[in-house]
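Here is a short walk through one protein model, written to be read beside the coordinates. Keep the viewer open and follow along.

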Amino acid sequence: MSVGHTAVTTEPLVSCGGEHEDCGIREVLDRIGDKWSVLVVVELAQGVRRFRQLQRAVPGISQRMLTLTVRRLERDGLVRRTVYPTIPPQVEYELTSMGHSLTHLLKAMADWSAAHREAIAASRRTWDAANPGSGIR
């Protein structure tokens with residue numbers, strides 16, 4: 001705080017406007033906060049992928065869940081789906097420019113996570129020792 005600054009700052013660090021306005025952040029968090037979307041976006045950041053390539057690249061995802069995930073990402077404008085008229089049809093997925101813009105944020109989050117991984121683990125061990133049987137994981 002500067003010498004001449006005496007006022008208390010009460011403005012929130014992030015604000016969308018009104019008190020109960022969420023500016024769409026809940027919808028975005030619902031999408032990128034689910035179990036699979038970030039993994040699919042990270043894989044598609046490497047380039048165009050066919051469905052089976054995506055399924056192999058994201059271990060543990062079922063065919064149904066991958067289908068739902070890419071459809072949701074397509075609906076949100078993050079993924080482009082291209083169907084080629086072959087027999088059987090060949091389908092490819094790629095990130096849109098908006099999808100690519102998300103990868104910068106995911107990289108920043110991954111960097112932050114890596115930088116703080118040990119500190120978070122230590123904090124969790126300390127908290128768990130002080131709160132045995134809490135059931136929080």
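**Overall picture**

Please keep in mind that this is a predicted model. The secondary structure of the protein comprises five helices and three strands. Along the sequence these elements follow the pattern α-α-β-α-α-β-β-α. The protein has 137 residues, and 20% of them count as buried. If you look at contacts between residues at least 6 apart in sequence, 40% of them join residues at least 24 apart.

**The sheet**

The three strands form an open sheet in the order β1-β3-β2, and the pairing is antiparallel. Its edge strands are β1 (49-50) and β2 (79-84), each of which pairs on one side only. The table sets out the two strand pairings.

| Strand pair | Sense | Bridges | Residues opposite each other |
|---|---|---|---|
| β1 and β3 | antiparallel | two bridges | arginine 50 and glutamate 92 |
| β2 and β3 | antiparallel | six bridges | arginine 81 and tyrosine 93 |

Strand β3, which takes part in both pairings, covers residues 90-95.

Helix α2 (residues 37-44) lies across β1, β2 and β3, and runs at about 95° to β3. Two packed helices are described by the angle between their axes and the distance between the axes. For α2 and α4 (residues 63-75), the axes come within 10 Å and cross at roughly 75°. An angle from 65 to 115 degrees counts as roughly perpendicular, so α2 is roughly perpendicular to α4.

Which residues of α2 meet α4? Ser37, Val40 and Val41 do, and on the α4 side they meet Leu66, Thr69, Val70 and Leu73.

**Serine 37**

Serine 37 belongs to helix α2. Is serine 37 buried or exposed? Its relative accessibility is 1%, and because buried means under 20%, serine 37 counts as buried. Leaving out residues up to four places away in sequence, serine 37 touches Arg31, Ile32, Thr69 and Leu73. Of these, Thr69 and Leu73 are also listed among the α4 residues in the helix contact.

**Arginine 49**

Arginine 49 is found in strand β1. With a relative accessible area of 18%, arginine 49 falls under the 20% cut-off, so arginine 49 is buried as well. Where does its side chain make a polar contact? The partner is the side chain of glutamate 43, at 2.7 Å. Apart from neighbours within four places in sequence, arginine 49 is in contact with Glu43, Leu44, Leu54, Val91, Glu92 and Tyr93. Two of the residues in that list, Glu92 and Tyr93, come up in the table too: glutamate 92 stands opposite arginine 50, and tyrosine 93 stands opposite arginine 81.

Terms used. Residues are numbered from 1 along each chain as its sequence is written. This is a predicted model: local features need pLDDT of at least 70, side-chain atom pairs count only at pLDDT 80 or more; totals for chains, interfaces and linings use all residues. Side-chain values use heavy atoms; hydrogens and water are left out. Two strands pair if DSSP finds at least two bridges between them. Helices (H or I, at least four residues) and strands (E, at least two) are DSSP runs, numbered from the N terminus. Contact means heavy atoms within 4.5 Å. Axes are lines fitted to C-alpha atoms, for helices over the stretch in contact, and angles run from 0 to 180 degrees between N-to-C directions. Angles under 35 degrees count as roughly parallel, over 145 as roughly antiparallel, 65 to 115 as roughly perpendicular and the rest as oblique. Buried means under 20% relative accessible area, exposed over 50%, partly exposed in between (1.4 Å probe, protein chains only). A polar contact is a pair of N or O atoms within 3.5 Å; within protein, one must be able to donate a hydrogen and the other to accept it, and residues adjacent in sequence count only if both atoms are side-chain atoms.
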